[in-house]
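These are my notebook entries on one protein model.

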Amino acid sequence: MNRKMVFNTIGKIIVTEAALLILPIITALLYSETIPVFAFLITAVIALLVGGAFILLTRTKDKAIYAGEGFVIVALAWLLMSVIGCLPFVISKEIPSFFDAFFETVSGFTTTGASILNNVEALSHGMLFWRSFTHWIGGMGVLVFVMAIIPSTTKGSMNILRAEMPGPIIGKLVPRLRDTAKLLYVIYIALTILQVILLCFGGMPFFESLLHTFGTAGTGGFGTRANSIAGYSPYIQWVITVFMLVFGVNFNVYYLILFRHARQALKSTEMWVYLGIVAVSVAAITINISHLYNNLSDAIRASAFQVASIISTTGFSTTDFALWPVASKTILLVLMVVGACAGSTAGGLKVSRVVLIFKNISREIRQMLHPRSVSKVRFEGKAVEEATLRSVATYFAVYMVCFVVVFLLVSIEPFSIETNLSATLACFNNVGPGLDAVGPAASYADYSNFSKVILSVAMLLGRLEIFPIIIAISPSTWMRKYR
């Protein structure tokens, strides 16, 4: 284990977080909010001191980062970012409890959107900005951001990208990794700007447009109101619906369209399955809830918004879907698990994994019926390697084990099984709102500090797709030298 390189890289990430705190400081200054400015400045100084110490004390000529180091860097960086990122809430006393602030910040960076706040409007503008900005930072990944802006001679940066980016298959879009990171952020920023413009065009104030776009782009769901998107116009709800779906698509598709390979982009199996699931779910829920609305158009809008919100794991809401019929709630729970596309900012298992699981099951059944037959699983027009299928099956197995453990630990709380089950699903899949006591109209405030920590870990496990956390806490990781 190249420990010096691990902590040197983490130091750069923490310093980057200090730099990012400039934006909420400017926001707080614009709104003449003295205490938030003070809180952000103290946090920035702490981050600079900690990050600078890591960098100065861990200088090394060995710049290599192997797979093990990559996983450890990602896991520790996200944990430390969350600890430092929660300090402004605690220092300003806008969220005085460290456990509550940590939960809220982890929820922000992991783009989960689960909240302990019952009165979001009580937060200052600076804190509202930072809370939503963590979604935007975490959506694409802060390590990808660092690789995009900081020149590096580090060998093996691809191992960091693999550890942070969600999905079963990850590769470079262009030959140089730094160019890949830049390209991802160009697409990310362009879509962000477009959504802000469209929301402002619909009459939403610029500040609210920016923060709701952060929540949409990062598929997180933090906003400026306790009732989420319910108080906004149908136009704004449709704009956010579309962009939630847009940010749930693999960014490789946008790369292909950007470089005039639209025909190849339109052949994406994962994208069409994703849109197919959305269409079927919207139709089914619309039929199931139509009697709750005055007209069909309102039912379609409510159904489309919630399906887009849940499958993209954004977590915005226009209604308390916890009050919908059982069939509709069941569909939404299934969508929480499925999630959107690999290579997007969304959580969940990912559509590509679900497709590969079903294709592999189909192949196994065929081989049971025809033992001598030899068949390959094909995806996106290519034969899938056995190693990839094995990793998908392994991930699903570990996913189920972790889910059960988290659910059992949270079940000590005196809530209904619907509440604890949906809370576990919502946090582990980075969705945010669940059902019953943690539904869209409620919060996670009533959970104990113990459960908040467990659910925070579940959010990190879901965002980093489990293995970086497991590898980082394994004693053998720190004793081995990876190659």
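How do the residues of the lining of the second largest pocket divide into nonpolar, polar and charged? I found 13 nonpolar, 14 polar and three charged residues in that lining. Here Ala, Val, Leu, Ile, Met, Phe, Trp, Tyr, Cys and Pro count as nonpolar, Asp, Glu, Lys and Arg as charged, and the others, Gly among them, as polar.

I noted that the model is predicted, that local features need pLDDT of at least 70 and side-chain atom pairs pLDDT 80 or more, while totals for chains, interfaces and linings use all residues. Residues are numbered from 1 along each chain as its sequence is written, and side-chain values use heavy atoms, without hydrogens and water.

**Entry 1: the pocket**

I read a volume of about 450 Å³ for the second largest pocket. Its lining has 30 residues, and R225, A226, S228, P440 and A442 lie nearest the centre. A pocket is an open set of points on a 1 Å grid over the protein atoms alone, where a 1.4 Å probe fits, with protein on both sides within 12 Å along at least five of seven lines; lining residues have an atom within 4 Å of a point. The volume is the space filled by probe spheres set on the points.

**Entry 2: α1 and α2**

I then looked up helix α1 (residues 3–20) and helix α2 (residues 22–30), which pack at about 15° with axes 4 Å apart. This angle makes α1 roughly parallel to α2 (under 35 degrees; over 145 is roughly antiparallel, 65 to 115 roughly perpendicular, the rest oblique). Helices are DSSP runs of H or I with at least four residues; axes are lines fitted to C-alpha atoms over the stretch in contact, and angles between N-to-C directions run from 0 to 180 degrees. A18, A19 and L20 of α1 make the contact with I22, L23 and P24 of α2, where contact means heavy atoms within 4.5 Å.

**Entry 3: α16 and its partners**

Helix α12 (residues 234–246) packs on helix α16 (residues 296–311) at about 35°, with axes 9 Å apart. I recorded their crossing as left-handed (the near helix is turned anticlockwise from the far one by less than a right angle; clockwise is right-handed). The contact includes W238 of α12 and F305 of α16.

The axes of helix α15 (residues 269–289) and α16 come within 8 Å and cross at roughly 135°. That makes α15 oblique to α16. I recorded this crossing as right-handed.

How values were computed. Helix = DSSP H or I, 4+ residues; strand = E, 2+ residues; numbered from the N terminus.
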